[in-house]
Amino acid sequence: DFQHGADLNCRFGVDVVVSALYGSSSMAMCILPARGAGSVRVDVSNNGLDWSQTGAGFAIEAQDGAWGLFPSRGPVSGGTMISVSTGLVVGNYSGVYCIFGSSEAVATAVIGGGYSCLVPAATIPGTVLVRIVEGPGRSELSSGLTFEYHGDIVVAFVLPSVGSVKGGTLVSVVGTGF
């Protein structure tokens, strides 16, 4: 049980301690101090020495809507590698996933910042919402992104089918999905 008093504290991670406001024996309120984006464990103490054993995960977002993805469209067969990034410094996230509608793809950290995700296949062309999440609880880092699936590109034939080694031949490509 939380106890009303000056020693009621919250700890974000292992080193950032702030005073807590007593709400009830089962609720304390804390103001998150400024810190980098990422996941952090939150613990509570009644005396500043003995901390909760279970803690709870908390996701700190870089900035709502700051995430973007490129390219934002690809074939329904999937397989497009997209880059996912934010305009700000990417936090210390772990277990990052891209969720395309209801299909999940593991995100791989990219040197220099950001992540890459392999787009899963879809059943039909159309636009799906993309969410960037992290950790076992799938804390949302960003939402509101979209990816457009288009029909697979099929080249039926080209006209003419022969050209000069000197180049300059105008080639017409006939097919679907483009």
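Analyst: Start with a definition: helices (H or I, at least four residues) and strands (E, at least two) are DSSP runs, numbered from the N terminus. On that basis the protein has zero helices and 16 strands. This is a predicted model, where local features need pLDDT of at least 70 and side-chain atom pairs count only at pLDDT 80 or more, while totals for chains, interfaces and linings use all residues. Residues are numbered from 1 along each chain as its sequence is written, and side-chain values use heavy atoms, with hydrogens and water left out.

User: Why is W51 called buried?

Analyst: Buried means under 20% relative accessible area, exposed over 50%, partly exposed in between (1.4 Å probe, protein chains only). W51 has a relative accessible area of 14%, so W51 is buried. Across the protein, 29% of the 178 residues count as buried.

User: Where is W51, and what does W51 touch?

Analyst: W51 lies in the loop between β5 (38-45) and β6 (56-60). Contact means heavy atoms within 4.5 Å. Leaving out residues up to four places away in sequence, W51 touches N9, C10, R11, V17, D43, V44 and S45. C10 is 41 residues from W51 along the chain, yet their C-alpha atoms are separated by 8.8 Å.

User: What makes β1 and β2 a pair?

Analyst: Two strands pair if DSSP finds at least two bridges between them. β1 and β2 (residues 16-19) have four, in the antiparallel sense. C10 stands opposite V18 in β2. The hairpin has three residues between the strands, and G13 takes a positive phi near 75 degrees.

User: How do you know that both faces of β1 are covered?

Analyst: Look at each side of residues 9-12. N9 and R11 on one side are buried, and so are C10 and F12 on the other.

User: What makes a nonpolar core, and which residues have the most contacts inside the largest?

Analyst: A nonpolar core is a set of buried Ala, Val, Leu, Ile, Met, Phe, Trp, Tyr and Cys residues joined through side-chain atoms within 4.5 Å. The largest has 20 residues, and W67, I82, V84, F100, I132 and F147 have the most contacts inside it. Several strands supply at least two residues each, including β7 (67-70), β9 (81-86) and β13 (126-134). β14 gives the most, with four. Another core, of seven residues, lies apart; L8, C10, V18 and V40 are among them.

User: Why is the pair of F147 and Y149 called edge-to-face?

Analyst: Rings of Phe, Tyr and Trp (its six-membered ring) pair if their centres lie within 6.5 Å; planes under 30 degrees apart count as stacked, over 60 as edge-to-face and the rest as tilted. The count comes to two aromatic pairs. F100 and F147 are edge-to-face, at 5.7 Å centre to centre with 90 degrees between the planes. That pair links strand β10 to strand β14, with its members 47 residues apart. For F147 and Y149 the centres are 5.1 Å apart and the planes at 75 degrees, so this pair is edge-to-face. Ring pairs link F100, F147 and Y149 into a cluster. F100 and F147 are buried, and Y149 is buried too.

User: How do you know that the charged end of R138 sits over the ring of Y97?

Analyst: A charge sits over a ring if NZ of Lys or CZ of Arg is within 6 Å of the ring centre and within 35 degrees of the ring normal. The charged end of R138 is 3.8 Å from the centre of the Y97 ring and counts as sitting over it.
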